Amino acid sequence: MSSARCPTLLIAAPASGQGKTTVTAALARWHSRQGRKVRVFKCGPDFLDPHWHELASAAPVHSLDGWMTGPEDMAARLHAAAQEADVILIEGVMGLFDGSPSAAELAQRFNIPVLAVVDAGAMSTTFGAVVYGLVHYQPGLRWAGVLANRVATEHHAQLLQAGLRDPALWQGALPKVIPVGDTSLLPERHLGLVAAHELGDALQRLDAVADALEQTPLGQRSWQQWQDWAVDFAAPAAKPAAEAIHPWLQGRTVAVARDAAFSFIYPANLDCLQAMGAKLVFFSPLAGEGLPPCEAVWLPGGYPELHAPALMANQAVQNGLRAHWAAGKPIWAECGGMVALCEGITGHDGQFAPLWGLLPGRAVLQKRLAGLGMQQLATDTGLLRGHTFHYSRLESPVPVLARSSRPGQAPEADKGEALYQHGSLHASYFHAWFASSPRTIARWLGAEVSA
């Protein structure tokens, strides 16, 4: 394979909450409206922002992370996208230099231009100092410019622009108020943004921001000027791990819950299951659907606590899961999927909501995070990489089979995330990146895999 060239932009910020997701999705929508094929990626672990990017680009959104997905996987995905796309957009994670590896390291590795989004709502000329620090903190980064967000007036924008040491960095300002009715532009709740598929007017919201973006210097750049941000992506030197797996799940049907209660699904994990030969069938417990005929079940994460009454009303899926488990057939329940299987959850209001009761134990929703960050899980079939992000905690008498730990560290008692085994059920708050150890996932889903 030869290298592939494509205009590419990393949308970053000094911190979380600056507007990266809004700007990335709006840019994707703006390019899509011009008839261009857009591919969007998200740095780091994230299930919610990609829903907005997928809506804006009409294409699957994959994750890029130097540790969880690995440099070979990143190189292969970017090269593949550059071969078919007109433009590639990458949303950073947290602040530009936060974490290890950071979004800045990704940009430098692939020579990708960086667009900084800065919430300038409570600042004036100091905006220039913040931008100067971002630009000069790590030498060698390729810069596309800066976009001011949540700007009050035209005069406010002029003050911000005047504070820049390098006027060429100015890509304009987005207003503080973008009319989309009487609600916030991209509403949030615990764990992050409300997913795009849960809002009937999600596309109209993106159009409103794209319209505002169109009035900025960034939105008025010609397509020829976008070529200034082209990147040459070398052909991958090695096959990513997902291509080296074996057909352990050949001939097996894996049923995957997928709806608003079970929506934390990486497209790459589905690809990994199919690469192992699995036939995937999807079902929606919220829509009243029962468990389809299958050899294995995957219950992904999501928001079962927001839909407990509807989940409890679906007696067919409960009966199907109990019969599946009683027959010794495997279930992998991840984070929210695990919570849905427990006896119930106590919410912030102290009220207990019963759930499916297949897994002994109860969950309690907390106001502070109970788990956050990258995690690894050592098993006798390999080392799974992934992450954790949840507000609830599980109180269960089920034996703990193993515990996850931070990258490069040994597991410790009562730290990390517990991996529970209850008969043929494996469950954990740990979100697994399947391609990091497909052998382990195949075994959890019932395949005969040697250690």
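Two strands are said to pair if DSSP finds at least two bridges between them, and by that test strand β15 (residues 342-346) runs antiparallel to strand β16 (residues 352-354), joined to it by three bridges. Strands here are DSSP runs of E with at least two residues, while helices are runs of H or I with at least four, and both are numbered from the N terminus. The model is a predicted one, in which local features need pLDDT of at least 70 and side-chain atom pairs count only at pLDDT 80 or more, whereas totals for chains, interfaces and linings use all residues. Residues are numbered from 1 along each chain as its sequence is written, and side-chain values use heavy atoms, with hydrogens and water left out.

**The chain as a whole**

- The secondary structure of the chain comes to 13 helices and 24 strands.
- The radius of gyration, taken over C-alpha atoms, is 23 Å, close to the 22 Å that the globule rule gives for 451 residues, so the chain is as compact as a globular protein of that length; the rule itself is 2.2 Å times the number of residues to the power 0.38.
- Along the principal axes, the C-alpha atoms fill a box of roughly 70 × 50 × 40 Å.
- Of the 451 residues, 57% are buried, where buried means under 20% relative accessible area, exposed means over 50%, and partly exposed lies in between (1.4 Å probe, protein chains only).
- Contact means heavy atoms within 4.5 Å, and among contacts between residues at least 6 apart in sequence, 74% join residues at least 24 apart.
- The chain exposes about 18,300 Å², of which carbon and sulfur atoms supply 50%, with areas computed by the Shrake-Rupley method with a 1.4 Å probe and, for residues, with only the protein chains shown counting as cover.

- Helix α7 (residues 202-213) has 12 residues and should span 16 Å at 1.5 Å a residue, which agrees with the 17 Å between its end C-alpha atoms; the expected span is 1.5 Å times one less than the number of residues.
- Nine of the 12 residues of α7 are buried, so the helix is largely enclosed by the rest of the structure.
- Those buried residues are A202, R205, L206, D207, A208, V209, A210, A212 and L213, and what covers them includes α1 (20-33), α2 (49-57), β6 (143-151) and β7 (170-175).
- Helix α3 (residues 71-84) has 14 residues and reaches 20 Å from its first C-alpha to its last, close to the 20 Å expected, and its buried residues include D73, M74, L78 and H79.

**Nonpolar cores**

- A nonpolar core is a set of buried Ala, Val, Leu, Ile, Met, Phe, Trp, Tyr and Cys residues joined through side-chain atoms within 4.5 Å.
- In the largest core, of 43 residues, L10, I88, I90, L96, F127 and W143 touch the most other members.
- Apart from that core lies another, of 38 residues, among them V254, C272, L273 and W433.
- Leaving aside neighbours within four places in sequence, L10 is in contact with residues including C43, I90, L96, A103 and L115.

**Residue H387**

- H387 is found in strand β19 (residues 382-390) and is buried, with a relative accessible area of 4%.
- Although H387 and G373 are 14 residues apart along the chain, their C-alpha atoms are separated by 5.5 Å.
- Beyond its neighbours within four places in sequence, H387 is in contact with residues including P45, F47, M68, Y266, G373 and H431.

**Backbone exceptions**

- Most residues other than glycine have a negative phi, and most peptide bonds are trans.
- M94, which is not a glycine, has a positive phi of about 50°; M94 lies in the loop between β4 and α4 and is partly exposed, with a relative accessible area of 41%.
- C335 also has a positive phi, near 55°, and lies in the loop between β14 (331-334) and α12 (336-341), where C335 counts as buried at 7% relative accessibility.
- A cis peptide bond, with omega about 5°, joins S100 and P101, and P101 is in the loop between β4 (87-91) and α4 (103-110).
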